[in-house]
Amino acid sequence: MEEDHDLAERARKLFAGPIEFLKSAPELQFLPDPDVPEVAFAGRSNVGKSSLLNALTNRNKLARTSNTPGRTQELNFFNIGDPLQMRLVDMPGYGFADAPKDMVKRWRYLVNDFLRGRQVLKRTLVLVDSRHGLKPVDREVMKMLDDAAVSYHLVLTKADKVKPSALGSLYEATVAEARSHPAAHPAIFATSSETGSGIAELRTAILEAAIS
Ligand SMILES: Nc1nc2c(ncn2[C@@H]2O[C@H](COP(=O)(O)OP(=O)(O)O)[C@@H](O)[C@H]2O)c(=O)[nH]1
Ligand SMILES: [Mg+2]
């Protein structure tokens, strides 16, 4: 218990300290040197990924939040800590309705190559909107992660948008589904960037993944 508390406190301090945008990589050749552990964020467009990054880091504009889905097609890297402790990787959103086919293909290649080849990638967070639950496209991404043997947490977003009872059922259903995916971590998080619920727990899990 003492150790849990220490880790939570370390995570709180780390995410309250120096954090900065490092670079965008539209192609794998532009990735930063793999010199520190990384934790990546994935999810359908509009799932609340930018908002979650901002909530985790207590910053308003670190990651751009917007209502225009599917515009970011790069991997965005954020340096966490000074001295540098780890990086967060904001992956391009997927599953937007009217994306051209070649864009979807490009997303697949970029993300698949990154997931398979990145030695320092410790964990991925797959974000799922609490109002919608897992969709077929999320399951495809989970399969990609299973195949690449990249450990991932499912993270429910926008928890404030659903009734507690509905959130409870969704949580149980998500835990059950995670059991059938080899690379899915059993710990599932329910978060709200609006109210801050679940954010501190997720910070701790990110740090734990980075130092494991
Ligand atoms: N109520 C509520 N709205 C949220 C939350 N997170 C994101 N949103 C809203 O959902 C929309 C998409 O969020 P954004 O972070 O840009 O999603 P992204 O496309 O996944 O980066 C925006 O209008 C946000 O204000 C949340 O936790 N609660
Ligand atoms: Mg975004």
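These notebook entries record what I looked up in a predicted model.

**Entry 1. The sheet.** I began with the strands and their order. Seven of them form an open sheet, arranged β1-β3-β4-β2-β5-β6-β7, with mixed pairing. I then noted the edges: β1 (19-25) and β7 (189-190) each pair on one side only.

**Entry 2. Strand β4 and its neighbours.** I next asked which strands pair with β4, and in which sense. Strand β2 (residues 38-43) pairs with β4 in the parallel sense, over four bridges. In this pairing I found Glu 38 opposite Arg 87 of β4. Strand β3 (residues 75-80) runs antiparallel to β4, and five bridges join the two. Here Ile 80 stands opposite Met 86 of β4. I also recorded the connection: β3 and β4 make a hairpin with five residues between them, and Gly 81 in the turn has a positive phi of about 90°.

**Entry 3. Burial of β4.** Is strand β4 (residues 86-90) enclosed or open? I found that five of its five residues are buried, so the strand is largely enclosed by the rest of the structure.

**Entry 4. Strands β5 and β6.** I turned to another pair in the sheet. Strand β5 (residues 121-129) and strand β6 (residues 152-157) run parallel and are joined by six bridges. Within this pair, Val 126 is placed opposite Leu 154 of β6.

**Entry 5. The shell of ligand 1.** I then listed the surroundings of the ligand. There are 20 residues around ligand 1, and those that come nearest are Gly 48, Lys 49, Ser 50, Ser 51 and Glu 194. By class, I counted two nonpolar, 13 polar and five charged residues in this shell. Which element gives the largest share of the shell? Helix α2 (residues 49-56) does, with three residues.

**Entry 6. Helix α2.** Six of the eight residues of α2 are buried, so the helix is largely enclosed by the rest of the structure. I noted the buried residues as Lys 49, Ser 50, Leu 52, Leu 53, Ala 55 and Leu 56. After α2 comes Asn 58, whose phi is positive, near 55°.

Conventions:
Residues numbered from 1 in each chain as written. Chains lettered and ligands numbered in written order. Predicted model: local features only at pLDDT ≥ 70, side-chain atom pairs only at ≥ 80, totals over all residues. Near = placed C-beta within 6 Å. Nonpolar A, V, L, I, M, F, W, Y, C, P; charged D, E, K, R; others polar. Pairing = 2+ DSSP bridges. Buried ≥ 20, exposed ≤ 12 C-beta atoms within 10 Å, placed from the backbone.
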